[in-house]
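Subject: Structure handover

Hi,

Here is the structure I promised to pass on. Have a look at it first, and then read my notes below.

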Amino acid sequence: MSARVIVVEDEEDIATLMKHNLLAEGYSVEVCEDGVMALDAVRREVCDLMLLDVMLPRVDGKEVCRAIRRDYDFPIIMVSARSGEVDKVIGLEMGADDYITKPFSILELVARVRSALRRAAGEARGKDEILRAGNIVLDRARHEARVAGRVVDLRPKEFSLLEILLANKGRVLDRDSLLEKVWGEDEYIDRGTIDVHIRRLREKIEEDPGSPRYVLTVRGVGYKFGME
Ligand code: CA
């Protein structure tokens, strides 16, 4: 069954270009011209990935992303005309998985779609193993993390980060290794992205995110999961 991709883009030329190339890759594609249509489309039918323009009529891309993230886990790639770092960070904080700036090469766009879908599929398969530390339990098979018995809602990247840190408990992992393990071949993801995801992860699993007990920063190197 082909993956269903929703393209949310109000510029017709770009939407057509994306649609044409994604169809050629074998995906099923639906184009939405504004944020309201995008939210309707997601609720109407299963979505495997969304390409989401930031500047949209009615409801903008960031709001759409935030609304979707309350209920859905599929990968979202934000697409923006602006190259501002601030935009990118905001996009990731809203729960986007990746970010691409216009003008983009269609080959790069297709490659990112492919790798986001592959990562999502890999994460869904999981492994039959349970990792524990302190009051944290991570169930790979169920793709579920609990803190003190309570299920925490982690985004796919946050889950992968926690999984890798937990599997290497006490060991320092530098940003490059984390990039490689969590984001795979996407060399265009910058190191700041990791920090954004680490911050969100801490907010979800640490009692005091400002003074973390589990996800520790090792200055100048990277991160490690603190030993109990
Ligand atoms: Ca636009």
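This is a predicted model: local features need pLDDT of at least 70, side-chain atom pairs count only at pLDDT 80 or more; totals for chains, interfaces and linings use all residues.

Residues are numbered from 1 along each chain as its sequence is written, and side-chain values use heavy atoms, with hydrogens and water left out.

Domain 1 covers 4–126 and domain 2 covers 130–225; the bounds come from an automatic or database domain assignment. Their C-alpha centres are 24 Å apart. The contact (heavy atoms within 4.5 Å) takes in 19 residues of domain 1 and 18 residues of domain 2.

What holds hands across that interface? The rule finds 2 salt bridges there, a salt bridge being a side-chain nitrogen of Lys or Arg within 4 Å of a carboxyl oxygen of Asp or Glu. On the domain 1 side, helix 4 (85–93) and helix 5 (106–125) are the elements that give two or more residues. Helix 5 has the largest share, 7 residues. (Helices, H or I of at least four residues, and strands, E of at least two, are DSSP runs numbered from the N terminus.) By class, that side has 4 nonpolar, 3 polar and 12 charged residues; Ala, Val, Leu, Ile, Met, Phe, Trp, Tyr, Cys and Pro count as nonpolar, Asp, Glu, Lys and Arg as charged, and the others, Gly among them, as polar.

The structure as a whole holds 20 salt bridges. One of them joins the side chains of Asp-73 and Arg-155 (2.4 Å, N to O). Another links Glu-108 and Arg-112 (2.6 Å, N to O). Those two sit 4 residues apart in helix 5, so about one helical turn separates them.

Finally, there's an open sheet of 3 strands, in the order 10-12-11, with antiparallel pairing. Two strands count as paired if DSSP finds at least two bridges between them. Strand 10 (173–174) and strand 11 (215–218) are the edges, each pairing on one side only. Strand 11 is joined to strand 12 (residues 222–225) by 4 bridges, and Val-218 has Gly-222 of strand 12 as its bridge partner.

Cheers
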